[in-house]
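Here is a friendly walk through one protein model, written for reading beside the sequence and the 3D view. Keep both open and follow along from section to section.

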Amino acid sequence: MTLTIATCQFPVDRDIRRNTKYCLTQMRQAADRGAHVAHFSECCLSGYAGVEFNSFRGFDWELLENCTQQVLYLARTLRLWVIVGSAHRLSGRHKPHNCLYIINDRGRMVDRYDKMFCTGPRKGVSGDLKHYTPGNHLPVFTINGVRCGTQICHDFRYPELYREYSKRKVKLVFHAYHNGHMSDRRRRVARAEVGRTHIARNHADNVWGITVPPTMQAYAASNHLWISANNTSARHSAWPSFVVRPDGVITGRLHLNRAGVLLTTI
């Protein structure tokens, strides 16, 4: 059996309509090129709280719901599975989840993954925990006979999540990241953190770009599964989206800071 995945990246922003336009456009591109599933980055519909906007105070939840319905409708029209990052509203005073909606080719949400390991101190004064509630559920779903799972960004620090997916016979993990919007000043600081003498010895000029791809390669090889690892392309992004096969070899990579769709058949 084969499965063609479209690993998508675009410059995520606070503008929900703009984000949705990118998603719909890349969904069409993916379907036109024969993909069975389109994989989008963390918070790509809603924008990322604490990065693209300061807080959820005054957030337009009605607009986000409307745009999410557009994604569902197009998924049904194109007969395309979609893994799309967003924010999931909770009741009362609870902070929303940083989530991935898992949408099947009939335009139905079959599951949702909520980022388990959110950054920041437990008191929620900074990082993800200032804006989001962690999740506690590992979804497993099947596309074209391939068992799949999902992860979000900082979850990559915890190898037990990949080991659990391996135990559940998962063969493909969609790992959605958001590491971009570095200003020129922040980029200079990131380069200094690596050290001028070390940059030439590595494949990126920032710690995240140096550590994330090899970690994904190690997880793919040690658990014998495929990984689609995407990222926002908002300038400056830390690394471009890529795909890793079960022996740890990167089979394809998009361009840094440029919107694009990477097709991979597994």
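## Strand S8 and its partner

Gln151 stands opposite His175 in S8. The strands S7 and S8 pair in the parallel sense, over five bridges; two strands pair if DSSP finds at least two bridges between them. Helices (H or I, at least four residues) and strands (E, at least two) are DSSP runs numbered from the N terminus.

A word on the model itself: this is a predicted model, in which local features need pLDDT of at least 70 and side-chain atom pairs count only at pLDDT 80 or more, while totals for chains, interfaces and linings use all residues. Residues are numbered from 1 along each chain as its sequence is written, and side-chain values use heavy atoms, with hydrogens and water left out.

How many residues of strand S8 (residues 172-176) are buried? Five of the five are, so S8 is largely enclosed by the rest of the structure. Buried means under 20% relative accessible area, exposed over 50%, and partly exposed in between (1.4 Å probe, protein chains only). Leu172, Phe174 and Ala176 are buried on one side of S8, and Val173 and His175 are buried on the other, so both faces are covered. In a regular strand the side chains alternate between the two faces of the sheet.

## The sheet that holds S8

S8 belongs to an open sheet of six strands in the order S6-S7-S8-S9-S10-S11, with mixed pairing. At the edges are S6 and strand S11 (250-253), each pairing on one side only. The twist from one strand to the next averages 25°. S9 and S10 run antiparallel and are joined by three bridges, and Ala229 has Phe242 as its bridge partner in S10.

Helix H3 packs on this sheet, where it touches S7, S8 and S9, and its direction makes about 165° with that of S7. Helix H6 lies across S8, S9, S10 and S11 and runs at about 30° to S10. Contact means heavy atoms within 4.5 Å. Axes are lines fitted to C-alpha atoms, for helices over the stretch in contact, and angles run from 0 to 180 degrees between N-to-C directions.

Phe141 sits in strand S6 (residues 141-143). Is Phe141 buried or exposed? Its relative accessibility is 7%, so Phe141 counts as buried. Leaving out residues up to four places away in sequence, Phe141 touches Trp81, Ile83, Ile102, Val146, Arg147, Cys148, Gly149, Thr150 and Phe174.

## H3 beside H6

The axes of helix H3 (residues 159-167) and helix H6 (residues 207-223) come within 10 Å and cross at roughly 30°. H3 and H6 are therefore roughly parallel to each other; angles under 35 degrees count as roughly parallel, over 145 as roughly antiparallel, 65 to 115 as roughly perpendicular and the rest as oblique. On the H3 side the contact is made by Pro159, Tyr162, Arg163 and Ser166, and on the H6 side by Met216, Tyr219, Ser222 and Asn223. These residues divide into four nonpolar, three polar and one charged. Here Ala, Val, Leu, Ile, Met, Phe, Trp, Tyr, Cys and Pro count as nonpolar, Asp, Glu, Lys and Arg as charged, and the others, Gly among them, as polar.

## The other sheet and its helices

Another six strands form an open sheet, ordered S5-S4-S3-S2-S1-S12, and its pairing is mixed. Strand S5 (109-114) and strand S12 (260-265) are the edge strands. Three bridges join strand S1 (residues 4-9) to strand S2 (residues 37-39), and these two run parallel. Thr7 has His39 as its bridge partner in S2.

Helix H2 (residues 61-78) lies across strand S3 (81-88), strand S4 (97-103) and S5, running at about 175° to S3. The axes of helix H1 (residues 16-32) and H2 come within 10 Å and cross at roughly 5°, which makes H1 roughly parallel to H2.

## Backbone spots to check

Most residues other than glycine have a negative phi, and most peptide bonds are trans. A cis peptide bond joins Arg235 and His236, with omega about -5°. His236 is found in the loop between strand S9 (226-230) and strand S10 (242-244).

Cys153 has a positive phi, near 40°. This residue lies in the loop between strand S7 (146-152) and H3, and Cys153 is buried at a relative accessible area of 12%. His224, in the loop between H6 and S9, has a positive phi of about 50°.
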